[in-house]
Amino acid sequence: MPSVSKSFGSRFYPPSKPRTVDGGIRAKSKRGSMAQAWWSTRFITVLEGMGMGTRLTRGRNYARRGQVLDIDLDAGLVNATVQGSRARPYRVRIGLRAYGKAEWASIEERMNEDAWFVAQLLSGQMPADIEKLFDDVGLTLFPIKGELTLDCSCPDSAVPCKHVAAVVYLLAEQFDEDPFRILAWRGREREDLLEHLHTGSTAENSAPVPLTELLDAFYFQPAQIVPPRPLGTAVSVLEQVPPITVTVRKQPLAEVLRPAYEALAEDG
């Protein structure tokens, strides 16, 4: 049976088998979905909603075979190299708009209004309503159509090619393990974000004061202690206790005890 060629535009490329890779990044998923957490699944769903669903599935085999050699994620850009059928690996670039300082200040201000966001992120979870938080400040967490750029040095003119798709799936798995990588892609590293969430807008007011500047006020004259008023005679104790509703043979308890206290006062 003759082999079947694939056509892309006016060019024809025969079927090819990727070169075997040692030490590549191999997907943890062996079958089924490549994303487990809701935020990683959402990331894949968003891309599929852009019409990439059929093209993305071509990258699963590459991701599971370990054809991706490396992935470097930075603010607004993911760079990766993927080994295909040629000797030289292909260069993959996935671009996404990174937010600036003013935009992140708005996001962090909203996060500081609810300690739940901080607690969830610290526990390694992406808050379920974080998309709404971004939406409230006029931004989006996940890519939207028109702001995502996909590029590969391979000859396949389809977008995304299987090399880009393989990187996308491995990104989803990395997002599974660390949701902060999504935020870093948008322009805010984990350490910077948590620092701003902990201090909020009171960073200047909460700065520690050197001990040398506190020595004058460290030791001070304590307030004068007023000695307690003497209780007086043993009988007067009965006059100072709160009213007692307990009775003994229909007589108030204080009156029953009074003879004993008078005797104590005489002995004193």
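## Overall composition

The model is predicted. Its protein chain has 268 residues, of which 36% count as buried, and its secondary structure comprises 11 helices and eight strands. Among contacts with a separation of 6 or more, 70% are made by residues 24 or more positions apart. The chain exposes about 16,900 Å², and carbon and sulfur atoms supply 54% of that area.

Strand β4 covers residues 77-82. In a regular strand, side chains alternate between the two faces of the sheet. In β4, Val-78, Ala-80 and Val-82 make up the covered face, whereas Leu-77, Asn-79 and Thr-81 make up the uncovered one.

Strand β3 (residues 68-74) pairs with β4 in the antiparallel sense over six bridges, and within this pairing Asp-70 has Thr-81 as its bridge partner. The two strands form a hairpin with two residues between them, and Gly-76 in the turn has a positive phi of about 80°. Strand β5 (residues 90-95) also runs antiparallel to β4, joined to it by six bridges. Here Leu-77 stands opposite Gly-95 in β5.

In soluble globular proteins, nonpolar side chains tend to be buried together. In this model the largest nonpolar core has 61 residues, and the members that touch the most others are Phe-43, Ile-94, Met-111, Phe-134, Val-167, Leu-171 and Trp-185. Helix α6 contributes the largest share of this core, 10 residues.

Ile-94 illustrates how separate segments come together. Leaving aside residues up to four places away in sequence, Ile-94 touches Gly-76, Leu-77 and Val-78, as well as Leu-148, Thr-149 and Leu-150. The contacts of Ile-94 also include Val-164, Val-167, Val-168, Leu-171 and Trp-185.

Ala-172 lies in helix α6 and counts as buried, at 0% relative accessibility. With residues up to four places away in sequence left out, Ala-172 touches Ala-35, Ser-40, Phe-43 and Ile-44. The C-alpha atoms of Ala-172 and Ala-37 are 9.0 Å apart in space, although these residues are 135 residues apart in sequence.

## Aromatic pairs

The structure holds six aromatic pairs. One of them joins Trp-38 and Trp-39: their ring centres are 6.0 Å apart and their planes stand at 85°, so the pair is edge-to-face. Trp-38 is partly exposed, with 31% relative accessibility, whereas Trp-39 is buried, with a relative accessible area of 3%. Through ring pairs, Trp-38, Trp-39 and Phe-142 are linked into a cluster.

Phe-43 and Phe-175 form another edge-to-face pair, at 5.2 Å centre to centre with 75° between the planes. Because Phe-43 lies in helix α1 (residues 38-57) and Phe-175 in helix α6 (residues 162-177), the pair ties together parts that are 132 residues apart in sequence. Both partners count as buried: Phe-43 has a relative accessible area of 2%, and Phe-175 is at 0% relative accessibility.

## Salt bridges

Arg-42 and Glu-131 meet through their side chains in a salt bridge of 3.2 Å, N to O. The pair links distant parts of the chain, with Arg-42 in helix α1 and Glu-131 in helix α5 (residues 130-136), 89 residues apart. Arg-42 is partly exposed at 34% relative accessibility, and Glu-131 is partly exposed at 28%.

Asp-136 forms a salt bridge with Arg-110, in which the closest N and O atoms are 3.0 Å apart. This pair connects helix α5, which holds Asp-136, with helix α3 (residues 101-112), which holds Arg-110, across 26 residues of sequence. Relative accessibility is 39% for Asp-136 and 25% for Arg-110, so Asp-136 and Arg-110 each count as partly exposed. Asp-136 also meets Lys-132 in a salt bridge of 3.2 Å, N to O. Asp-136 and Lys-132 are four residues apart in helix α5, which means that about one helical turn separates them. Lys-132 counts as exposed, at 54% relative accessibility. Salt bridges with shared partners join Arg-110, Glu-113, Lys-132 and Asp-136 into one network.

Methods
Residues numbered from 1 in each chain as written. Heavy atoms only, no water. Buried < 20%, exposed > 50% of the residue type's maximum accessible area, 1.4 Å probe, protein only. Pairing = 2+ DSSP bridges. Phe/Tyr/Trp six-rings, centres within 6.5 Å; stacked < 30°, edge-to-face > 60°. Contact = heavy atoms within 4.5 Å. Areas by Shrake-Rupley, 256 points an atom, 1.4 Å probe, with all protein chains shown as cover. Core = buried A, V, L, I, M, F, W, Y, C linked by side-chain atoms within 4.5 Å. Salt bridge = Lys/Arg side-chain N within 4 Å of Asp/Glu carboxyl O.
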